[in-house]
Amino acid sequence: MGSEKKIILVTGGSGLVGQAIKQAKQQDPRENETFIFLSSKDGDLKDPAATQRIFERYKPTHVIHLAAMVGGLFNNMKHNLDFLRNNILINDNVLHNSYKLGVKKVVSCLSTCVFPDQTSYPIDETMIHNGPPHPSNFGYSYAKRLIDVQNHAYHQQHGCHFTAVIPTNVFGAYDNFNLEDGHVIPGLIHKAYIAKKEGKPLVVYGSGKPLRQFIYSIDLAKLFLFVLREYDEIDPIILSVDESSEVSIGEVAQMIADAFQLEHGIVLDSTKADGQFKKTASNKKLRGYLPDFQFMPLKEAIERTVQWFNLNYNIARK
(Lines give C-alpha, C1' and ligand atoms only; values in the text may rest on other atoms or scores of the structure.)
Protein backbone atom coordinates (compact mmCIF):
# COMPACT_ATOMS: atom_id res chain seq x y z
CA MET A 1 0.00 0.00 0.00
CA GLY A 2 3.03 2.34 -0.09
CA SER A 3 3.74 5.14 2.38
CA GLU A 4 1.15 7.75 1.32
CA LYS A 5 -1.29 8.95 3.98
CA LYS A 6 -4.31 6.71 4.37
CA ILE A 7 -7.63 7.59 5.96
CA ILE A 8 -9.35 4.28 6.69
CA LEU A 9 -13.08 4.48 7.37
CA VAL A 10 -14.45 1.46 9.26
CA THR A 11 -18.24 1.10 8.99
CA GLY A 12 -19.80 -0.86 11.85
CA GLY A 13 -16.73 0.16 13.84
CA SER A 14 -18.27 -0.25 17.30
CA GLY A 15 -19.16 -3.92 16.81
CA LEU A 16 -17.31 -7.17 17.39
CA VAL A 17 -14.88 -6.97 14.44
CA GLY A 18 -14.49 -3.18 14.53
CA GLN A 19 -13.42 -3.27 18.19
CA ALA A 20 -10.98 -6.07 17.39
CA ILE A 21 -9.46 -4.04 14.51
CA LYS A 22 -8.91 -1.17 16.99
CA GLN A 23 -6.88 -3.55 19.13
CA ALA A 24 -5.02 -5.20 16.22
CA LYS A 25 -3.93 -1.89 14.69
CA GLN A 26 -2.43 -0.86 18.04
CA GLN A 27 -0.39 -4.08 18.04
CA ASP A 28 0.86 -3.38 14.49
CA PRO A 29 0.71 0.41 13.99
CA ARG A 30 1.62 2.21 10.77
CA GLU A 31 2.46 5.92 10.93
CA ASN A 32 0.71 6.70 7.64
CA GLU A 33 -2.67 5.15 8.67
CA THR A 34 -5.49 7.09 10.33
CA PHE A 35 -8.51 4.99 11.30
CA ILE A 36 -12.03 6.37 11.74
CA PHE A 37 -14.47 3.97 13.40
CA LEU A 38 -18.11 4.70 12.61
CA SER A 39 -21.07 3.59 14.70
CA SER A 40 -24.79 3.76 13.94
CA LYS A 41 -24.83 7.10 15.81
CA ASP A 42 -22.79 8.67 12.97
CA GLY A 43 -25.62 8.21 10.48
CA ASP A 44 -27.95 5.68 8.88
CA LEU A 45 -26.09 3.87 6.10
CA LYS A 46 -29.46 2.76 4.68
CA ASP A 47 -30.00 6.43 3.78
CA PRO A 48 -28.10 7.59 0.63
CA ALA A 49 -27.92 11.23 1.77
CA ALA A 50 -26.66 10.33 5.25
CA THR A 51 -24.03 8.01 3.77
CA GLN A 52 -22.88 10.71 1.34
CA ARG A 53 -22.52 13.21 4.22
CA ILE A 54 -20.32 10.74 6.14
CA PHE A 55 -18.05 10.16 3.15
CA GLU A 56 -17.78 13.86 2.33
CA ARG A 57 -16.97 14.64 5.96
CA TYR A 58 -14.16 12.11 6.41
CA LYS A 59 -12.89 11.79 2.80
CA PRO A 60 -11.58 8.26 3.27
CA THR A 61 -8.90 6.80 1.00
CA HIS A 62 -9.72 3.26 2.17
CA VAL A 63 -12.84 1.62 3.62
CA ILE A 64 -13.33 -1.49 5.75
CA HIS A 65 -17.05 -2.21 5.39
CA LEU A 66 -18.39 -4.16 8.36
CA ALA A 67 -21.80 -2.53 8.88
CA ALA A 68 -24.75 -4.86 8.35
CA MET A 69 -28.08 -5.90 9.76
CA VAL A 70 -27.17 -9.21 11.41
CA GLY A 71 -28.89 -11.76 13.61
CA GLY A 72 -28.92 -15.36 14.71
CA LEU A 73 -30.65 -18.33 13.07
CA PHE A 74 -34.14 -17.76 14.46
CA ASN A 75 -34.17 -14.00 13.77
CA ASN A 76 -33.11 -14.66 10.17
CA MET A 77 -35.81 -17.31 9.71
CA LYS A 78 -38.49 -14.78 10.74
CA HIS A 79 -37.23 -11.69 8.84
CA ASN A 80 -35.61 -12.73 5.55
CA LEU A 81 -37.08 -9.77 3.65
CA ASP A 82 -35.79 -7.22 6.18
CA PHE A 83 -32.30 -8.74 6.09
CA LEU A 84 -32.32 -8.65 2.28
CA ARG A 85 -33.59 -5.08 1.81
CA ASN A 86 -31.66 -3.38 4.61
CA ASN A 87 -28.33 -4.97 3.72
CA ILE A 88 -28.73 -4.22 -0.01
CA LEU A 89 -29.31 -0.55 0.88
CA ILE A 90 -26.31 -0.37 3.23
CA ASN A 91 -23.94 -2.09 0.81
CA ASP A 92 -25.02 -0.09 -2.22
CA ASN A 93 -24.66 3.23 -0.40
CA VAL A 94 -21.19 2.38 0.95
CA LEU A 95 -19.83 1.06 -2.34
CA HIS A 96 -21.33 3.78 -4.52
CA ASN A 97 -20.05 6.58 -2.29
CA SER A 98 -16.64 4.89 -2.25
CA TYR A 99 -16.69 4.98 -6.06
CA LYS A 100 -17.93 8.59 -6.24
CA LEU A 101 -15.28 9.88 -3.83
CA GLY A 102 -12.42 7.94 -5.41
CA VAL A 103 -11.71 5.57 -2.50
CA LYS A 104 -8.63 3.54 -3.44
CA LYS A 105 -9.65 0.27 -1.79
CA VAL A 106 -12.72 -1.19 -0.08
CA VAL A 107 -12.62 -4.43 1.91
CA SER A 108 -16.16 -5.67 2.65
CA CYS A 109 -17.12 -8.45 5.03
CA LEU A 110 -19.17 -11.39 3.73
CA SER A 111 -20.16 -14.55 5.60
CA THR A 112 -19.91 -18.29 5.00
CA CYS A 113 -23.72 -18.34 4.69
CA VAL A 114 -23.24 -16.94 1.14
CA PHE A 115 -22.25 -20.43 0.00
CA PRO A 116 -24.78 -22.84 -1.56
CA ASP A 117 -26.76 -25.07 0.78
CA GLN A 118 -26.18 -28.10 -1.46
CA THR A 119 -22.44 -28.21 -2.08
CA SER A 120 -19.31 -30.29 -1.77
CA TYR A 121 -16.86 -29.71 1.09
CA PRO A 122 -14.65 -27.99 1.81
CA ILE A 123 -16.16 -24.87 0.28
CA ASP A 124 -13.79 -22.38 -1.36
CA GLU A 125 -13.92 -18.92 -2.90
CA THR A 126 -14.90 -20.18 -6.39
CA MET A 127 -18.19 -21.72 -5.20
CA ILE A 128 -20.14 -18.71 -3.90
CA HIS A 129 -22.66 -18.51 -6.76
CA ASN A 130 -23.01 -22.24 -7.52
CA GLY A 131 -26.54 -22.65 -6.12
CA PRO A 132 -29.08 -21.18 -3.68
CA PRO A 133 -28.03 -20.58 -0.07
CA HIS A 134 -29.63 -22.28 2.94
CA PRO A 135 -33.34 -21.30 3.11
CA SER A 136 -33.12 -20.27 6.78
CA ASN A 137 -31.24 -17.03 5.99
CA PHE A 138 -31.52 -16.59 2.22
CA GLY A 139 -32.26 -12.84 2.52
CA TYR A 140 -29.03 -12.02 4.33
CA SER A 141 -27.06 -14.48 2.18
CA TYR A 142 -28.16 -13.02 -1.16
CA ALA A 143 -27.53 -9.45 0.05
CA LYS A 144 -23.97 -10.45 1.00
CA ARG A 145 -23.45 -12.32 -2.30
CA LEU A 146 -24.36 -9.16 -4.15
CA ILE A 147 -21.34 -7.39 -2.63
CA ASP A 148 -19.14 -9.80 -4.59
CA VAL A 149 -21.19 -9.11 -7.75
CA GLN A 150 -20.91 -5.34 -7.20
CA ASN A 151 -17.15 -5.53 -6.49
CA HIS A 152 -16.56 -7.16 -9.87
CA ALA A 153 -18.94 -4.78 -11.63
CA TYR A 154 -17.30 -1.67 -10.15
CA HIS A 155 -13.91 -3.09 -11.11
CA GLN A 156 -14.99 -3.94 -14.67
CA GLN A 157 -16.76 -0.64 -15.36
CA HIS A 158 -14.71 1.83 -13.31
CA GLY A 159 -11.48 0.04 -12.36
CA CYS A 160 -12.31 0.20 -8.64
CA HIS A 161 -10.28 -1.92 -6.21
CA PHE A 162 -13.19 -3.32 -4.19
CA THR A 163 -12.76 -6.77 -2.63
CA ALA A 164 -14.24 -8.86 0.20
CA VAL A 165 -13.31 -11.30 2.93
CA ILE A 166 -15.38 -14.29 4.05
CA PRO A 167 -14.81 -15.07 7.74
CA THR A 168 -16.05 -18.25 9.33
CA ASN A 169 -17.94 -17.93 12.65
CA VAL A 170 -16.34 -15.02 14.49
CA PHE A 171 -16.65 -14.39 18.24
CA GLY A 172 -14.95 -12.41 21.00
CA ALA A 173 -15.27 -9.32 23.19
CA TYR A 174 -17.97 -6.79 22.18
CA ASP A 175 -20.04 -9.51 20.48
CA ASN A 176 -23.85 -9.49 20.56
CA PHE A 177 -24.68 -11.71 23.55
CA ASN A 178 -28.47 -11.46 23.06
CA LEU A 179 -30.20 -14.73 23.95
CA GLU A 180 -32.58 -14.54 20.97
CA ASP A 181 -30.54 -12.87 18.22
CA GLY A 182 -26.92 -13.60 19.12
CA HIS A 183 -24.78 -16.16 17.31
CA VAL A 184 -23.97 -19.50 18.90
CA ILE A 185 -20.92 -18.74 21.09
CA PRO A 186 -22.08 -15.39 22.54
CA GLY A 187 -25.60 -16.78 23.01
CA LEU A 188 -24.25 -19.81 24.89
CA ILE A 189 -21.93 -17.64 26.99
CA HIS A 190 -24.88 -15.51 28.14
CA LYS A 191 -26.97 -18.62 28.84
CA ALA A 192 -24.08 -20.15 30.80
CA TYR A 193 -23.70 -16.94 32.82
CA ILE A 194 -27.38 -17.21 33.84
CA ALA A 195 -27.11 -20.97 34.47
CA LYS A 196 -24.14 -20.38 36.78
CA LYS A 197 -26.05 -17.72 38.68
CA GLU A 198 -29.15 -19.91 39.05
CA GLY A 199 -27.30 -23.16 39.71
CA LYS A 200 -28.86 -24.86 36.68
CA PRO A 201 -27.51 -26.82 33.68
CA LEU A 202 -26.65 -25.07 30.41
CA VAL A 203 -29.44 -25.76 27.89
CA VAL A 204 -28.12 -26.05 24.31
CA TYR A 205 -30.62 -25.81 21.43
CA GLY A 206 -30.41 -28.64 18.92
CA SER A 207 -28.53 -31.92 18.90
CA GLY A 208 -25.08 -30.41 19.53
CA LYS A 209 -23.80 -32.28 16.45
CA PRO A 210 -23.48 -29.51 13.82
CA LEU A 211 -19.87 -28.63 13.00
CA ARG A 212 -18.38 -25.14 12.72
CA GLN A 213 -15.04 -23.35 12.32
CA PHE A 214 -14.75 -20.51 14.82
CA ILE A 215 -12.31 -17.62 14.51
CA TYR A 216 -11.38 -15.36 17.41
CA SER A 217 -12.08 -11.70 16.63
CA ILE A 218 -8.49 -10.55 17.26
CA ASP A 219 -7.16 -13.15 14.79
CA LEU A 220 -9.73 -12.02 12.23
CA ALA A 221 -8.77 -8.37 12.78
CA LYS A 222 -5.10 -9.13 12.10
CA LEU A 223 -6.10 -10.86 8.87
CA PHE A 224 -8.33 -7.90 7.90
CA LEU A 225 -5.31 -5.61 8.19
CA PHE A 226 -3.29 -7.98 5.99
CA VAL A 227 -6.05 -7.86 3.34
CA LEU A 228 -6.28 -4.07 3.56
CA ARG A 229 -2.52 -3.62 3.23
CA GLU A 230 -1.37 -6.49 1.03
CA TYR A 231 -4.17 -8.35 -0.80
CA ASP A 232 -4.60 -7.16 -4.40
CA GLU A 233 -7.30 -9.48 -5.80
CA ILE A 234 -10.90 -8.48 -6.49
CA ASP A 235 -12.01 -12.07 -5.84
CA PRO A 236 -12.82 -12.63 -2.16
CA ILE A 237 -10.67 -14.56 0.31
CA ILE A 238 -11.88 -16.89 3.08
CA LEU A 239 -10.47 -15.98 6.50
CA SER A 240 -10.72 -19.13 8.57
CA VAL A 241 -8.94 -21.48 10.89
CA ASP A 242 -7.77 -24.75 9.31
CA GLU A 243 -10.26 -27.50 8.47
CA SER A 244 -8.75 -29.62 11.24
CA SER A 245 -9.94 -27.02 13.78
CA GLU A 246 -13.64 -27.66 13.04
CA VAL A 247 -15.59 -28.51 16.22
CA SER A 248 -19.13 -29.54 17.13
CA ILE A 249 -21.56 -27.21 18.90
CA GLY A 250 -21.58 -29.73 21.75
CA GLU A 251 -17.80 -29.43 22.15
CA VAL A 252 -18.04 -25.63 22.15
CA ALA A 253 -20.79 -25.74 24.77
CA GLN A 254 -18.54 -27.94 26.94
CA MET A 255 -15.66 -25.44 26.63
CA ILE A 256 -18.02 -22.65 27.70
CA ALA A 257 -19.39 -24.72 30.60
CA ASP A 258 -15.80 -25.43 31.69
CA ALA A 259 -14.83 -21.75 31.47
CA PHE A 260 -17.73 -20.91 33.82
CA GLN A 261 -17.03 -23.99 35.97
CA LEU A 262 -20.69 -24.98 35.71
CA GLU A 263 -21.65 -27.63 38.26
CA HIS A 264 -24.81 -28.94 36.59
CA GLY A 265 -23.54 -29.84 33.13
CA ILE A 266 -25.21 -29.46 29.76
CA VAL A 267 -28.68 -30.43 28.50
CA LEU A 268 -29.32 -30.77 24.74
CA ASP A 269 -32.80 -29.64 23.61
CA SER A 270 -33.16 -31.63 20.39
CA THR A 271 -36.68 -30.26 19.77
CA LYS A 272 -34.97 -27.06 18.48
CA ALA A 273 -33.61 -26.62 14.95
CA ASP A 274 -29.94 -27.31 14.19
CA GLY A 275 -29.56 -25.14 11.09
CA GLN A 276 -26.96 -26.22 8.54
CA PHE A 277 -25.08 -29.36 9.66
CA LYS A 278 -21.71 -28.08 8.49
CA LYS A 279 -20.11 -25.33 6.41
CA THR A 280 -16.51 -26.60 6.27
CA ALA A 281 -14.42 -23.91 4.55
CA SER A 282 -10.99 -24.22 2.96
CA ASN A 283 -8.38 -21.64 3.96
CA LYS A 284 -5.97 -22.89 1.28
CA LYS A 285 -5.94 -19.49 -0.44
CA LEU A 286 -5.17 -17.70 2.85
CA ARG A 287 -2.42 -20.21 3.68
CA GLY A 288 -0.92 -19.49 0.25
CA TYR A 289 -0.41 -15.90 1.41
CA LEU A 290 0.24 -16.52 5.13
CA PRO A 291 1.47 -20.11 5.60
CA ASP A 292 2.71 -19.50 9.17
CA PHE A 293 -0.19 -17.49 10.64
CA GLN A 294 -0.92 -18.75 14.17
CA PHE A 295 -4.56 -18.82 15.32
CA MET A 296 -5.35 -18.65 19.02
CA PRO A 297 -6.53 -22.07 20.30
CA LEU A 298 -10.34 -22.14 20.62
CA LYS A 299 -10.35 -23.07 24.32
CA GLU A 300 -8.14 -20.09 25.20
CA ALA A 301 -10.13 -17.71 22.99
CA ILE A 302 -13.40 -18.85 24.63
CA GLU A 303 -11.88 -18.40 28.10
CA ARG A 304 -10.82 -14.84 27.19
CA THR A 305 -14.30 -14.04 25.84
CA VAL A 306 -15.99 -15.45 28.96
CA GLN A 307 -13.63 -13.40 31.13
CA TRP A 308 -14.47 -10.25 29.13
CA PHE A 309 -18.22 -10.95 29.44
CA ASN A 310 -17.97 -11.48 33.20
CA LEU A 311 -16.03 -8.23 33.64
CA ASN A 312 -18.22 -6.22 31.25
CA TYR A 313 -21.65 -7.74 31.86
CA ASN A 314 -23.26 -4.35 32.46
CA ILE A 315 -22.07 -2.82 29.16
CA ALA A 316 -22.18 -5.96 26.95
CA ARG A 317 -24.75 -6.01 24.13
CA LYS A 318 -27.48 -8.35 25.27
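Is K200 buried, partly exposed or exposed? At 46% relative accessibility, K200 falls into the partly exposed class (buried is under 20% relative accessible area, exposed over 50%, partly exposed in between, with a 1.4 Å probe and protein chains only). The model is a predicted one, in which local features need pLDDT of at least 70 and side-chain atom pairs count only at pLDDT 80 or more, while totals for chains, interfaces and linings use all residues. Residues are numbered from 1 along each chain as its sequence is written, and side-chain values use heavy atoms, with hydrogens and water left out.

K200 has a charged partner: its side chain meets that of E198 in a salt bridge, at 3.5 Å from N to O (a salt bridge is a side-chain nitrogen of Lys or Arg within 4 Å of a carboxyl oxygen of Asp or Glu). E198 is partly exposed too, at 49%. Side chains of opposite charge can pair when their charged atoms come close. Across the whole structure, the search turns up 10 salt bridges. One of them links K272 to D269, with the closest N and O atoms 3.2 Å apart. Here K272 is partly exposed at 32% relative accessible area, whereas D269 counts as buried at 18%. Shared partners also tie D28, R30, E33 and R229 into one network of salt bridges. Within that group, the side chains of D28 and R30 meet at 3.2 Å, N to O. D28 is partly exposed at 33%, and R30 is likewise partly exposed at 35%.

Next comes the domain layout. The protein chain splits into domain 1 (6-170 + 213-243) and domain 2 (172-211 + 245-279 + 297-312), with bounds that come from an automatic or database domain assignment. Taken over C-alpha atoms, the domain centres sit 26 Å apart. At the interface, 23 residues of domain 1 are in contact with 25 residues of domain 2 (contact means heavy atoms within 4.5 Å).

The size of an interface is often given as the accessible area lost when the parts come together. For domain 1 and domain 2, the buried area is about 2,100 Å², and carbon and sulfur atoms give 61% of it (this is the accessible area, 1.4 Å probe, that two parts lose on being put together, summed over both). Y121, F214 and Y216 supply 30% of what domain 1 buries against domain 2, more than any other three residues.

What of the polar side of this interface? The count of salt bridges between the two domains is zero, but four residue pairs, both residues at pLDDT 80 or more, are in polar contact across it (a pair of N or O atoms within 3.5 Å; within protein, one must be able to donate a hydrogen and the other to accept it, and residues adjacent in sequence count only if both atoms are side-chain atoms). On the domain 1 side, the elements giving two or more residues are α1 (16-27), α3 (73-78) and β9 (214-216) (helices, H or I, at least four residues, and strands, E, at least two, are DSSP runs numbered from the N terminus). The largest share, three residues, comes from α3.

Finally, R287 lies in helix α9 (residues 284-289). The side chain of R287 reaches the backbone oxygen of P291 at 3.4 Å. Leaving aside neighbours within four places in sequence, R287 is in contact with D242, D292, F293 and F295.
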